[in-house]
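Dear colleague,

Please find below the structure that I am handing over to you. The findings follow directly after it.

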Amino acid sequence: MAKLYFKYGAMGSSKSAQALITKFNYEEKHMTVWLIKPSTDTRDGADMIKSRIGLYAHAQIITPDQDIIAEYHKAGRADVIISDECQFFTPQQVDQLRQLVDEDNIPVLCFGLRTDFTTHFFPGSMRLMELADSITEIKTICSCGNKATVNARLDENGNIITTGAQVLLGGNDRYEAMCHKCWMKKIREQKARMTETK
């Protein structure tokens with residue numbers, strides 16, 4: 001029986017690499033993969049999925065107004081659907097992925113972030129947490145050695161930013177995966193420094 005999988009992790013946890021390795025594993029067994037990504041993610045090119053270790057592949061772009069079921073049927077039958085950066089899908093599009101699992105009996109593997117830089121759910125990730133048959137954390141570590149769970153957004157001086165738009169594309173120049181304790185500690189230290197300079 002096909003399942004909807006949500007594999008999430010903080011920035012730098014090798015989510016894209018694992019998505020591409022999973023694609024390779026299916027294709028090595030002569031299975032067809034429909035590789036997709038939301039149009040929001042344009043860091044490596046509109047239709048490119050690229051990992052930090054150098055793996056890459058072209059993917060079909062899905063815009064927020066597109067119906068994933070209709071796009072899947074246009075693309076032709078596949079043995080599996082793999083999505084990277086799934087947090088950028090709308091909740092309705094996640095519902096459509098769920099429907100493909102249920103009605104077309106096709107496994108759907110979604111890789112992405114669970115929460116944003118303020119530790120709040122992305123809407124697509126929240127819907128996946130509600131609907132997925134299997135939820136797996138892809139772990140990475142904070143600089144202190146503890147498990148990282150926060151996607152800390154940084155300014156040009158390396159200070160943590162806690163306000164702003166939910167979506168701001170970037171890599172290591174803009175984000176650092178941290179444990180919650182280090183994230184809060186650095187925020188407190190920043191506030192103390194600002195108070196001292198006043």
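S1 and S7 run parallel and are joined by five bridges. With strand S8 (residues 134–137), S1 pairs in the parallel sense over four bridges. Two strands are taken to pair if DSSP finds at least two bridges between them. Helices (H or I, at least four residues) and strands (E, at least two) are DSSP runs, numbered from the N terminus. S1 is mostly covered, with four of its five residues buried; buried means under 20% relative accessible area, exposed over 50%, and partly exposed in between, with a 1.4 Å probe and protein chains only.

Please note that this is a predicted model, in which local features need pLDDT of at least 70 and side-chain atom pairs count only at pLDDT 80 or more, while totals for chains, interfaces and linings use all residues. Residues are numbered from 1 along each chain as its sequence is written, and side-chain values use heavy atoms, with hydrogens and water left out.

Strand S7 also holds Gly112. Gly112 counts as buried because its relative accessibility is 0%. Leaving aside neighbours within four places in sequence, Gly112 is in contact (heavy atoms within 4.5 Å) with Phe6, Lys7, Tyr8, Gly9, Lys15, Glu85, Cys86 and Gln87. Between Gly112 and Arg52 there are 60 residues in sequence and 15 Å in space, C-alpha to C-alpha.

Lys15 belongs to the buried residues of H1, together with Ser16, Ala17, Ala19, Leu20, Thr22 and Lys23. The cover over the buried residues of H1 includes strand S1 (4–8), strand S2 (33–38), strand S3 (48–50), strand S4 (56–58), strand S6 (80–83) and strand S7 (108–112). Helix H1 (residues 15–28) has 14 residues, and from first C-alpha to last it reaches 20 Å, close to the 20 Å expected at 1.5 Å a residue; the expected span is 1.5 Å times one less than the number of residues. Just after H1, His30 takes a positive phi of about 65°.

A separate topic is the open sheet of three strands, whose order is S10-S9-S11 with antiparallel pairing. Its edge strands are strand S10 (160–161) and strand S11 (175–178), each of which pairs on one side only. Four bridges join strand S9 (residues 150–154) to S11 in the antiparallel sense, and Asn151 has Ala177 in S11 as its bridge partner.

Gln190 is placed in helix H5 (residues 180–197). Gln190 counts as buried because its relative accessibility is 14%. Apart from neighbours within four places in sequence, Gln190 is in contact with Asn159 and Ile160.

Finally, the cavities: there are three of 30 Å³ or more. A cavity is a set of points, on a 1 Å grid over the protein atoms alone, where a 1.4 Å probe fits but cannot get out, and lining residues have an atom within 4 Å of a point. Grid points are joined across faces, edges and corners, and a volume is the space filled by probe spheres set on the points. The second largest cavity has a volume of about 60 Å³. Its lining consists of Tyr8, Gly9, Ala10, Arg114, Thr115, Glu137, Ala148, Thr149 and Asn151. By class, this lining has three nonpolar, four polar and two charged residues, where Ala, Val, Leu, Ile, Met, Phe, Trp, Tyr, Cys and Pro count as nonpolar, Asp, Glu, Lys and Arg as charged, and the others, Gly among them, as polar.

With kind regards

Terms used
On a 1 Å grid over the protein atoms alone, a cavity is a set of points where a 1.4 Å probe fits but cannot get out, and a pocket is an open set with protein on both sides within 12 Å along at least five of seven lines; lining residues have an atom within 4 Å of a point.
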